[in-house]
Each structure stands twice: as C-alpha cells, then as structure tokens.
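Hello,

Here is the structure I promised to pass on to you. Please have a look at it first, and then read the notes below.

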Amino acid sequence: VSAMSKVTDTLLETMRRAEAGDGAGMEANIRQLEQRHVEVCRALFGAERQPPILAGIHALLEDFERICRGILMLGERPPRSVDEAAATGEKLTALLVAALLGARGVAAESVDGSEIIVTDATFGNASPIMEKTRDRARARLLPLIASGTTPVMTGFNGATTDGRPTTLGRGGSDFSASILAAVLDAEELWIWTDVDGIMTADPGVAPDAAVLDEVSYNEAAELAYNGAKVLHPRTLAPLVERQIPVWSKNSFALDKPGTRIVPQIR
C-alpha cells in the first residue's frame, strides 16, 4: 500500500521545516497529519473498534515527531533519518487497511516493508537485493498466506542487511509490489491506481484518449521513463526474468478491465 494522497509530501516538508528551525511549522504539519488519519479512522470504524487503531496512529506519528525533533536540534536531515520518517504514510495506511479488512471479516496483518525488502544503502533511491529479499519474504509472508491471513505490506520502504531504513524512490509502492511478485513467484501482479489503465495519451490534453487493452514490457517502461505516471520506472525490472504479467487497474472503477502489461505482444 501507498501513503494517502499528498501525505509523503507533507512528511518531507515537515522535515524541511525542522531542518530550517521552524518548530511551529513542524508541529502544525504533524497535527494536520494526525487529524487527517484520525478522521479516516473515525469514518471507517465504529466506536468500539477505534481505540487500538487510534493508538497505532498516535504511536507512528510519535515516532515521526521524534525524528523531526532530532532534525530540529541538529539543523540537518541525515539521509537515514529521512528514509525512516518518509515511510510513515505507508505505515499509517497499512495499519488502517489491515484493520478495515479485519472489520469486514478478512483476517489481515500489517507488515512493515523494512522487515521484508533488503536493499543496498542508497538512501532515497535504494535497489533491492533480490535473493535476501526472497528468503525474508517467503519466511514471513508465506506462512501468513497459508494460514488464511492477508498481509498488508507497506510499499516504498525497505532496509539494508544491517537494518538501516531505506526507501525505493518516490512512487516506489509499485516497485515494492513487483519485487514481492518476483520473489513469491506470483502468477500475476495487479496494481490498483486512480486511472482506468494505460492510455493512448494524457486525457487532460487529449479528450479522445483511450485505454490500451495490452502493452509490452518495453512499451510500458518507455512510457514510465518518459514521465507517464502509470508505473514507477523501475517496476518491471524484477518481473522480466519470471515473465510475470501486470494489470494496471482503477480502484474507483472496478468494472473497467484495465491494461495488461506482458513480456511481448504476440
């Protein structure tokens, strides 16, 4: 799962305010983040289910505030601290989605991506170490799946082999999903977004733009690298060896088939 819209931007801006010595601005942003997630919790859950979820929200934001206060004191943003804090939005979403599934009768557990995805130490734009990730993913996630529990994992974040938090680059939740698909030998990867699929043009510019039924890995990668906001540019790389097809679908239009991305179009 990704963070909610604009949350990562707010987290990064809050750290910039802390670095600049703007304690009041930092505090205001943290309260804004808290209010937004508390409102979502109250909208989704009855009063009896809210206390543990609210406690989880407060705990995650207290961790974020602790990092911001360290930045405020230092007057600088260490890359490792930025990566640890930047994934707070995904952790909040995973908490809420797992709780919502539970409330709807689906056993679920939130999982921090830093427990699963092992990366190099390129903070802000880390690359996965696939074999180590495979070992961790299979050891942690397959038993959950076998027991009937749905793992709800944070996208975007990982950790080095010695446990230092990293992130995979902005928009990296797609990349996290493709890494998982590869290491778990998935039959397909479905990426849910807010558009109907990959389109022939930007619908904001070309009103007659249409959704493509099928595109190749190469075509999708070219679109991503040239700025189309459908996939993270590195999403397809982990899938190539295992030739795993990808669906791009719209969370808000479940009846729309979406676009299928395949190794090659026959």
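A residue counts as buried here when its relative accessible area is under 20%. By that cut-off, helix H4 (residues 79-86) has these buried residues: Val82, Asp83, Ala85 and Ala86. Please keep in mind that this is a predicted model.

What lies over that side of H4? The cover of its buried residues includes helix H1 (7-19), helix H3 (50-74), helix H5 (88-103) and strand E5 (165-167). As background, an α-helix has 3.6 residues a turn, so residues three or four places apart point the same way.

In general, nonpolar side chains in soluble globular proteins tend to be buried together.

Setting aside neighbours within four places in sequence, Ile53 is in contact with Cys41, Phe45, Leu95, Leu96 and Ala99.

Now for the cysteines. Cys41 has a relative accessible area of 0%, so this residue is buried. Cys68 also comes out at 0% and is therefore buried. How many disulfides does a search of the whole structure find? The search finds zero.

Next, have a look at strand E8 (residues 246-250), where Asn250 has its place. Is Asn250 buried or exposed? Its relative accessibility is 7%, so Asn250 counts as buried. A polar atom of the Asn250 side chain lies 2.8 Å from the backbone nitrogen of Phe252. Leaving out residues up to four places away in sequence, Asn250 touches Trp192, Thr193, Asp194, Val195 and Asp196.

Finally, the aromatic rings. Lys249 lies over the face of Trp190, 4.6 Å from the ring centre. The charged end of Lys249 also sits over the ring of Trp247, at 4.8 Å from the centre of that ring.

I hope you enjoy exploring it!

Best wishes

Methods:
Residues numbered from 1 in each chain as written. Predicted model: local features only at pLDDT ≥ 70, side-chain atom pairs only at ≥ 80, totals over all residues. Heavy atoms only, no water. Lys NZ or Arg CZ within 6 Å of the ring centre and 35° of its normal. Helix = DSSP H or I, 4+ residues; strand = E, 2+ residues; numbered from the N terminus. Buried < 20%, exposed > 50% of the residue type's maximum accessible area, 1.4 Å probe, protein only. Polar contact = N/O pair within 3.5 Å; in protein donor to acceptor, adjacent residues only side chain to side chain. Contact = heavy atoms within 4.5 Å. Disulfide = S-S within 2.5 Å.
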